[in-house]
Amino acid sequence: MAAKFLQLLLLLSFQLHLSFSGQTSMMESVPDLQSSMYMTIDGYPCVRLLNLSGEIGCSNPGREKVVAPIIRLNNANDLTQLSAVLLSVDEIESFFARISKDTTFASNIAGVLVESGPEIQNKLKGFSPALKFPQSDFAPYRSINYEWNPIGSGIMWNTYNFPVFLLSQSSTLTLQEAALNNEKSKKSYTADVAEFDLVMQTMKAGTHDSKSCLEENTCLPLGGYSVWSSLPPINISSSEQSKPIILAVASMDSASFFRDKNLGADSPISGLISLLAAVDALSKGNIVDDFNKQLVFIVFTGEAWGYLGSRRFLLELDLQSDAVSGLNYSLIERVVEIGSIGKVLSQEAKNFFVHTAGTSSATNETLDALRIAQDSVKSDHIVVLSANASNPGIPPSSLMAFLGKGSLTSGVVLEDFDTVFTNKFYQSHLDDLSNINSSAIVAAASLVARTLYILASGNNNTSSSALTSINVNVSLVKELMGCLLDCEPGLSCELVKNYITPANTCPSNYVGVIIDEPSSTPYVGYVSDISRFVWNFLAEKTSISKENATSVCSKDCSNDGRVCIRAETDGKGVCVVSTTRYVPAYSTRLKFESGSWTVLPPNNSDPMGLLDAVWTESNWNTIGLRVYTVQNSSFDNIVLLGSIAITVLAYLAIVITRAFLTKALKRD
């Protein structure tokens with residue numbers, strides 16, 4: 001009874017101490033205890049990707065979490081134990097180069113933590129984890145050793161059996177402090193450790209290529225949904241669709257070492273924004289009445305992974321599926337692609353380079369139209385130059401897929417570079433908003449809009465009122481940049497929210513994975529925020545008869561060439577006349593049937609299909625990164641031995657005392 005009373009008294013005094021010391025918040029549950037012990041770290045993981053021949057990317061080496069003390073790279077020259085190495089961006093390439101050569105050093109790497117910092121681009125000469133010739137296998141020429149991206153290290157195409165995380169700026173400070181604490185307390189009995197939870201299902205199941213992981217359902221195919229739209233809308237019910245098609249192309253996806261830190265501001269989103277702004281400019285007034293050719297705009301996804309979008313689009317054309325209803329491959333007269341155009345310097349003449357696929361009358365007409373458009377935009381100091389004749393051919397672009405299908409395809413690619421990429425952060429997390437300028441995108445959009453008008457109408461009079469009336473909305477360009485390339489406002493901007501309800505605020509232009517059966521009318525929950533926004537934007541801008549925009553969507557909205565836009569914002573939507581479609585983008589070597597994916601055998605009649613790597617992404621349960629403090633095991637051993645010694649001594653003291661008391665009592 002006395003013992004229980006003493007315990008109660010101690011508990012009461014402990015609570016009073018907390019109250020009087022100002023600590024009014026007490027741990028009332030296990031989660032409270034965990035949050036006080038473990039700090040969750042914000043970061044962006046490198047994940048495991050697979051293809052038919054193997055795998056790339058990062059994963060925990062086994063089925064369990066990885067825990068290791070944090071150490072800075074400059075203190076990691078001679079690692080004697082598994083360590084979580086903290087390094088800066090400028091150390092990444094040399095670090096991974098050492099790992100590939102020094103197996104002893106690599107064996108002690110438990111995980112890698114990459115720092116973030118403000119304006120880090122200004123401190124670097126460049127950083128590109130891509131190859132020096134990205135996707136060279138698909139080049140329509142033999143000079144595949146040419147270096148379009150001379151700064152490329154190719155480290156994102158290797159396999160790493162340890163986790164790698166890019167830290168947020170706030171988390172960088174936390175980890176730097178942890179590494180400093182460990183450096184200062186080398187002889188102490190505690191250490192700050194990082195706990196990596198990057199267990200990939202393919203690693204757990206032992207499925208190390210796309211074919212086996214698809215069979216075991218431990219991965220999903222890379223893919224998504226491309227979007228195409230025509231101006232003016234195509235009368236699909238008409239049997240006579242003989243207008244030549246001018247295809248204006250851009251891409252919406254990029255690649256990066258870190259899955260969810262993937263903006264691709266210059267390459268390729270500057271081209272996407274330019275195309276959207278050009279469509280907006282062409283939608284004003286009644287200039288479409290002058291067209292004697294059909295304008296079709298298409299925004300591909302999956303281009304960074306074997307041109308998934310463009311190759312699937314061409315296959316759908318061959319199959320004449322619902323996704324391309326109204327289009328005919330034989331009617332495609334030319335392709336005008338807008339590539340990386342965001343790095344043209346604003347303080348001097350804006351030089352754009354036109355890369356062509358061979359010479360033909362259609363290509364020459366496109367070049368002439370570009371120069372006429374250049375002359376008509378006098379105030380912007382735009383200069384259109386032909387790319388260097390010494391180049392082996394066109395740079396990496398969607399046009400390669402079209403040339404793979406038909407080598408005589410007439411096409412041009414508009415870029416901000418001549419012989420090598422000007423983008424020093426190609427396919428890296430540093431290709432962000434700070435890497436481009438709005439004036440370059442506005443200039444490119446003006447050039448593209450007027451060029452497309454000249455090609456579609458045949459009007460090459462630089463002083464015509466119709467041509468000079470085509471002007472790009474500068475505010476729209478800046479708004480698109482803020483929406484698609486920044487977290488503030490990001491996808492929560494008014495422009496995007498006017499069309500869709502985004503699932504995320506911060507944009508990411510990673511292609512993602514394709515879920516469930518591909519369809520031209522997919523469930524919107526399976527379509528990325530960017531694809532849904534582009535679909536709604538193009539559907540509205542290319543629609544006709546604005547009075548139709550007053551009708552609320554109903555079940556028959558899809559009839560008579562109409563589509564329902566803005567349905568996500570209010571649940572009702574607006575029914576407009578527009579030919580705008582989703583096109584599934586995934587490997588041409590894959591087939592979905594009976595709820596699962598099957599890899600098709602190679603088809604010799606499809607040369608580009610023979611090169612298809614069939615990219616997939618591993619499944620996972622959770623991904624996480626935590627930091628906490630642990631005691632050294634040697635200290636635990638000392639505590640254990642000390643406890644045993646105290647117990648033994650206490651026992652001896654009790655025995656001796658009892659014997660002494662017994663003897664003393666007998667004397668009495």
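Author: Two strands count as paired if DSSP finds at least two bridges between them. The model here is a predicted one. With that in mind, take strand β12, which covers residues 224-231.

One partner of β12 is strand β14, made of residues 294-300. Five bridges join β12 and β14, and the two run antiparallel. Another partner is strand β21, residues 580-585. Here the pairing with β12 is again antiparallel, over six bridges.

In β14, S229 has F297 as its bridge partner. In β21, the bridge partner of S229 is T580.

Next comes the question of cover. Buried means under 20% relative accessible area. Eight of the eight residues of β12 are buried, so the strand is largely enclosed by the rest of the structure. As a general point, side chains in a regular strand alternate between the two faces of the sheet.

From first C-alpha to last, α12 reaches 28 Å, close to the 28 Å expected at 1.5 Å a residue.

Helix α19 (residues 633-667) contains Y651. Y651 has 56% relative accessibility, so this residue counts as exposed. Y651 belongs to a nonpolar patch on the surface, whose members include L640, I644 and I656. Together the residues of the patch have about 910 Å² of accessible area.

Key:
Residues numbered from 1 in each chain as written. Predicted model: local features only at pLDDT ≥ 70, side-chain atom pairs only at ≥ 80, totals over all residues. Heavy atoms only, no water. Buried < 20%, exposed > 50% of the residue type's maximum accessible area, 1.4 Å probe, protein only. Helix = DSSP H or I, 4+ residues; strand = E, 2+ residues; numbered from the N terminus. Patch = residues over 30% accessible without salt bridge, like charges linked within 9 Å, V, L, I, M, F, W, Y side chains within 5 Å. Areas by Shrake-Rupley, 256 points an atom, 1.4 Å probe, with all protein chains shown as cover. Salt bridge = Lys/Arg side-chain N within 4 Å of Asp/Glu carboxyl O. Expected span 1.5 Å × (residues − 1).
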